[in-house]
Amino acid sequence: MESINKSVWNTLSAVDVNKYAEKKNGFTYLSWAWAWSILKDHYPDATYTKKVAYNDKAESDLPFMVDSNGYACVSVTVNIPSMNESATEIMPVLNHANKPIQNPDSFEVNKSLQRCLAKAIAALGLGAYLFQGEDLPQTVSSSPAPSAPPPAKDFKKVSIPLDQEIRLAPDLESLKTLYNRVSLSLAPEPLTPEQRALFSQRKQEILAHG
């Protein structure tokens, strides 16, 4: 994915999508319809393209790619011409339990294409925080999986370590937003000196690079 235009990221990442998000099987989703609608409200010229690939078995172009084991993946690109911005995402075709499947049918492919569209929009900033932790390795446990994600207030259970979140803050406004969120999640306890030092260091880095 190309580097994201700061004004696009700042605009879309500032949108609170919690009121549009839905929970299913312990995961939080932003419907592609809501994501696309919000994106078009901000950038009316936005378009998207679903990648097609030649399928030997069907002897035709299809909107998904298949590996040697029959697992499929889809790819979607979102473009914002007025901002000279685009983002491309790839994701596997999944079943209702979010597991990759072999030889998917057209309904399963279509659902994954729409989820991939929402993910590409998130790569531009809209609802990106909903995907935090999805790329972390899964751990094996003998205990049953929790029926719902841990409360956001319990900062120690957030998927991405604080130092990583701070390093990923692209500008002072984003850093300030993160600082306020962490402070609220730890209340009534204050930030530790080490945590304050991490924020201060990142602030100086941002100022130094202008």
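Is R202 buried or exposed, and what is its relative accessibility? At 17% relative accessibility, R202 counts as buried, where buried means under 20% relative accessible area, exposed means over 50% and partly exposed lies in between, with a 1.4 Å probe and protein chains only. The model shown in these views is predicted, so local features need pLDDT of at least 70 and side-chain atom pairs count only at pLDDT 80 or more, while totals for chains, interfaces and linings use all residues. Residues are numbered from 1 along each chain as its sequence is written, and side-chain values use heavy atoms, with hydrogens and water left out.

**View 1. The side chains of R202 and E205 meet in a salt bridge.** A salt bridge is a side-chain nitrogen of Lys or Arg within 4 Å of a carboxyl oxygen of Asp or Glu, and for R202 and E205 the distance from N to O is 3.2 Å. Both residues belong to helix 6, where they are 3 residues apart, about one turn of the helix; helices (H or I, at least four residues) and strands (E, at least two) are DSSP runs, numbered from the N terminus. While R202 is buried, E205 is partly exposed, at 30% relative accessibility.

**View 2. R167 and D163 form a salt bridge.** The structure holds 2 salt bridges, and in the one between R167 and D163 the distance from N to O is 3.6 Å. These residues are 4 residues apart in helix 4 (residues 162-168), a separation of about one helical turn. R167 is exposed, with 53% relative accessibility, whereas D163 is partly exposed at 29%.

**View 3. W36 and Y48 form an aromatic pair that is edge-to-face.** Rings of Phe, Tyr and Trp (its six-membered ring) pair if their centres lie within 6.5 Å, and planes under 30 degrees apart count as stacked, over 60 as edge-to-face and the rest as tilted. By this rule the count comes to 3 aromatic pairs. In the pair of W36 and Y48, the centres are 4.9 Å apart, with 90 degrees between the planes. Because W36 lies in helix 2 (residues 32-42) and Y48 in strand 3 (residues 47-50), the pair ties together parts that are 12 residues apart in sequence. W36 is buried at 17% relative accessible area, and Y48 is partly exposed at 32%.

**View 4. The rings of Y179 and F199 also make an edge-to-face pair.** Their centres lie 5.0 Å apart and their planes are at 80 degrees, so the pair is edge-to-face. Y179 lies in helix 5 (residues 172-186) and F199 in helix 6 (residues 193-208), so this pair ties together parts that are 20 residues apart in sequence. The relative accessible area of Y179 is 27%, which makes this residue partly exposed, while F199 is buried with 6%.

**View 5. The cysteines C73 and C116 are in no disulfide.** A disulfide is a covalent bond between the sulfur atoms of two cysteines. The criterion used here is a pair of cysteine sulfur atoms within 2.5 Å, and a search of the whole structure finds 0 disulfides. For C73, the nearest cysteine sulfur is that of C116, 8.9 Å away. C73 is partly exposed, with a relative accessible area of 23%, whereas C116 is buried at 0% relative accessibility.
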